[in-house]
Amino acid sequence: MTGDQLRRSTRRVWKRIAIIGGSIIVVLGTVAALIASGTVWPNDLFAKDYAVRGVDVSSYQGTIDWGELSKEGIDFAYIKSTEGSGDQDEYFARNWDAANRTHLLVGAYHFLSFESSGEAQADNIITTVPKTSGALPVVVDVEFYADFFSNHPSRERVRSILDPLLERLTEYYGVPPILYATQEPYDLYLRDAYPNDPIWIRSVLTPTTLSDGRPWTMWQYSNRERLRGYSGPEEFIDMNVFRGSLEDLRKLTAP
């Protein structure tokens with residue numbers, strides 16, 4: 001092969017590489033756009049293995065038409081009630097009343113504060129969330145916020161809040177609370193602990209297993225679903241599945 005032939009061959013190879021590379025970039029960009037818009041979600045295929053599905057909502061979903069939302073192929077709904085020792089979700093009371101007039105199994109969730117005592121947070125929940133026969137267990141949401149993303153509280157500190165909070169809620173509502181967590185807080189604070197409290201894990205990009213081998217009870221598999229029935233500043237809604245049958249889920253409810 002002459003020098004000119006070699007150069008022409010090399011240019012053809014690089015041209016093919018550039019075309020292939022450009023095509024890959026276009027495909028990846030398209031997939032990323034579809035994921036960002038909620039049109040395609042990586043976990044959808046895996047979540048189809050679980051028949052019992054539900055949503056969790058807060059004031060970000062604005063006014064909810066529960067009659068409409070309940071027709072969207074869901075079986076349960078969790079509604080934000082409280083945060084820390086003094087905050088209540090402004091939509092909780094109306095959401096609670098309206099959701100309980102549908103076929104859905106309904107529960108409340110509390111966003112845990114690392115800055116107030118478990119006793120004070122229990123007071124806030126008990127004052128806000130009615131004791132209701134057939135309600136799903138109260139959920140305590142354990143995740144980082146604000147400066148705690150970079151400055152994690154110690155395991156001892158979090159346990160000192162969680163222990164009395166969970167004990168009080170179990171005593172008052174008659175069933176153990178569910179613990180919701182993202183992966184890192186689970187590993188730091190819940191791993192190998194609280195065996196009586198079901199685990200709700202968030203993993204929105206890939207299926208997950210818990211690091212201590214414990215089976216999760218609920219899995220938040222998407223935060224980019226679009227359903228009918230709500231109008232708020234957040235256009236998406238979180239989607240979850242339950243590991244088990246609808247009857248299994250009913251067995252978790254309050255007496």
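These are my notebook entries on a predicted model of one protein chain.

**Ground rules.** I number residues from 1 along each chain as its sequence is written, and my side-chain values use heavy atoms, with hydrogens and water left out. The model is predicted, and local features need pLDDT of at least 70, side-chain atom pairs count only at pLDDT 80 or more, and totals for chains, interfaces and linings use all residues.

**Whole chain.** I looked up the secondary structure and found eight helices and eleven strands. Helices (H or I, at least four residues) and strands (E, at least two) are DSSP runs, numbered from the N terminus. The chain has 255 residues, and 47% of them count as buried. Buried means under 20% relative accessible area, exposed over 50%, and partly exposed in between (1.4 Å probe, protein chains only). I then checked contacts between residues at least 6 apart in sequence: 68% join residues at least 24 apart. Contact means heavy atoms within 4.5 Å. The chain exposes about 12,900 Å², and carbon and sulfur atoms supply 54% of that area. Accessible areas come from the Shrake-Rupley method with a 1.4 Å probe; for residues, only the protein chains shown count as cover.

**Largest pocket.** I get a volume of about 570 Å³ for the largest pocket. On a 1 Å grid over the protein atoms alone, a pocket is an open set of points with protein on both sides within 12 Å along at least five of seven lines, where a 1.4 Å probe fits; lining residues have an atom within 4 Å of a point. Grid points are joined across faces, edges and corners, and the volume is the space filled by probe spheres set on the points. The lining holds 25 residues. Asp56, Tyr60, Tyr109, Glu143 and Asp238 lie nearest the pocket's centre. By class, the lining has twelve nonpolar, four polar and nine charged residues. Ala, Val, Leu, Ile, Met, Phe, Trp, Tyr, Cys and Pro count as nonpolar, Asp, Glu, Lys and Arg as charged, and the others, Gly among them, as polar. Strands that each supply at least two lining residues include S1 (52-57), S5 (105-111) and S11 (237-242). The largest share, three residues, comes from S9.

**Helix H7.** I listed the buried residues of H7 (residues 183-190): Pro185, Tyr186, Tyr189 and Leu190. Seen down the axis of H7, they fall within an arc of 105°, so they line one face of the helix. The arc is that of the directions from the helix axis to the C-beta atoms. Their cover includes S6, H6 (155-173), S7 (178-181) and S8.

**Two positive phi values.** Asp192 sits in the loop between H7 and S8. Its phi is near 60°, a positive value in a residue other than glycine. Asp192 is exposed, with a relative accessible area of 59%. Ala146 lies in the loop between S6 and H6. Ala146 is not a glycine either, yet its phi is positive at about 50°. Ala146 is exposed at 58% relative accessible area.

I found Ser203 in the loop between S8 and S9. Ser203 counts as buried at 11% relative accessibility. Leaving aside neighbours within four places in sequence, Ser203 is in contact with Asn43, Thr208, Trp219, Gln220 and Tyr221. Glu90 lies in the loop between S4 (87-88) and H4 (92-99). Glu90 is exposed, with 62% relative accessible area. From Glu90 to Lys80 I count ten residues in sequence and 9.4 Å in space, C-alpha to C-alpha.
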